[in-house]
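Here is a short briefing on one structure. Look it over, then read the points below.

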Amino acid sequence: MTRSLALLLAIALAAVSSPVAGRPQAQAAGRPSIVRGYLYRMTSQGQVPAGGIALRLRSPQYGVSAQAQTAGGSQRDGGGMYYFYNVQPGDYALDVLVSAKEIYQLTTVHVRDQPNEKQPVTDVPPMAVR
Amino acid sequence: MTAEALWALLIIIVIAIVPCVPSWWLYRKLESSGTLDGPWNGFTVKIGGAATCYFLIFFTLFAVRPRPDTGHYHTWTVSGQLKFLHALDEEEPNVNDALIRFVPPRLGVLNGGMFAWEIPVVEDANGRLAYPDLQIDMRNYGGVTVPLSRGTVYGAKAFDATFDEKRRTITIGTPIELNSLKSLPTYRGIPPAAPATGRGGGE
């Protein structure tokens with residue numbers, strides 16, 4: 001009886017001390033990365049940065065991210081660029097939030113683990129928006 | 001006269017009238033001879049009996065009177081239309097490019113990067129507060145979102161915020177860091193800003 005209790009206690013302790021215990025949504029899979037990209041609009045003058053567009057990342061593992069917004073201004077000043085921080089390696093959907101009810105998936109993003117990079121960065125190819 | 005001013009006036013009237021009741025009772029029934037005397041704002045005050053009772057109750061009620069809840073924002077809806085005037089040979093602008101700000105609140109940054117911004121916070125029907133996100137952009141720096149509504153969450157930089165609902169303050173204890181574009185690897189994705197080639201979609 002005492003041995004059974006000790007065995008159960010050992011199993012429980014092992015489960016509690018496991019790094020994934022109780023936090024299935026927040027497993028440390030690798031070094032978090034910056035995810036960035038560029039949105040533009042096509043005009044008769046060419047491509048112009050699309051500022052003020054709200055985006056988010058979504059994954060089955062980590063849920064919905066904080067929102068990011070594309071910066072205003074010219075392309076040279078970083079206009080049209082968006083940045084997500086602390087993104088774990090994995091696969092994500094990149095959504096555009098037109099309004100609280102109008103959300104469209106723009107593309108999918110694969111964030112790979114970059115253990116040797118000083119600051120891991122994942123670049124999403126430029127995308128046109130209307 | 002506004003409703004708030006009328007309400008304040010009504011409260012003062014009530015505060016002035018209510019102490020009359022116990023004071024009158026004291027004066028008529030007990031023939032009290034109690035006195036209140038001593039210095040007050042540079043004057044020597046000496047009042048007796050019912051008057052003492054009146055002023056004690058009056059000042060007590062005045063001190064605890066309900067004050068109007070001022071200095072906060074209400075959410076209004078302003079509707080209208082923007083009209084973009086341009087030459088005939090110019091292309092119709094994309095209305096989504098319009099960026100709108102409203103002042104106040106003036107969201108300025110002081111020397112050393114310090115800031116104290118008054119922001120609108122909407123309260124829903126159940127009294128829950130819906131904090132907005134802060135979006136901070138600066139030329140040649142990567143933009144940062146501070147999701148006050150959600151706290152530290154992936155996609156944004158970690159931050160430490162203390163919410164004081166009584167004083168209506170949010171204190172962000174950790175500096176909000178913005179990375180200069182030069183400190184990051186060059187973003188290779190931006191195509192040269194050349195005239196349109198007819199390729200309209202993304203990757």
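This model is predicted. Its largest nonpolar core has 27 residues. Within that core, Val35(A), Leu57(A), Tyr83(A), Phe84(A) and Val109(A) have the most contacts.

**The core**

- Two or more residues each come from strands S1 (33-43), S3 (54-59), S6 (81-87), S7 (90-97) and S8 (103-111) of chain A. Strand S6 (141-146) of chain B also gives two or more.
- Which element gives the most to this core? S6(A) does, with 6 residues.
- In soluble globular proteins, nonpolar side chains tend to be buried together.

**Strand pairing in chain A**

- S3(A) pairs with S7(A) in the antiparallel sense, over 5 bridges. Ala54(A) has Leu97(A) in S7(A) as its bridge partner.
- S7(A) also pairs with S8(A), again antiparallel, over 8 bridges. Here Leu97(A) stands opposite Ile103(A) of S8(A).
- A hairpin links S7(A) and S8(A) through 5 residues.

**Confidence**

- The model scores ipTM 0.71 and pTM 0.66.
- Chain B has an average pLDDT of 80, and 82% of its residues score at least 70.
- Where is confidence lowest in chain B, and where is it highest? Strand S2(B), residues 43-48, is lowest at a mean of 66. Strand S8(B), residues 169-172, is highest at 94.
- Residues 194-203 of chain B stay under 50 in pLDDT. The model has 14 contacts beyond four places in sequence for residues 194-203 of chain B.

Methods: Residues numbered from 1 in each chain as written. Chains lettered and ligands numbered in written order. Core = buried A, V, L, I, M, F, W, Y, C linked by C-beta atoms within 7 Å. Buried ≥ 20, exposed ≤ 12 C-beta atoms within 10 Å, placed from the backbone. Helix = DSSP H or I, 4+ residues; strand = E, 2+ residues; numbered from the N terminus. Pairing = 2+ DSSP bridges. pLDDT = per-residue confidence, 0-100. Contact = placed C-beta atoms within 7 Å.
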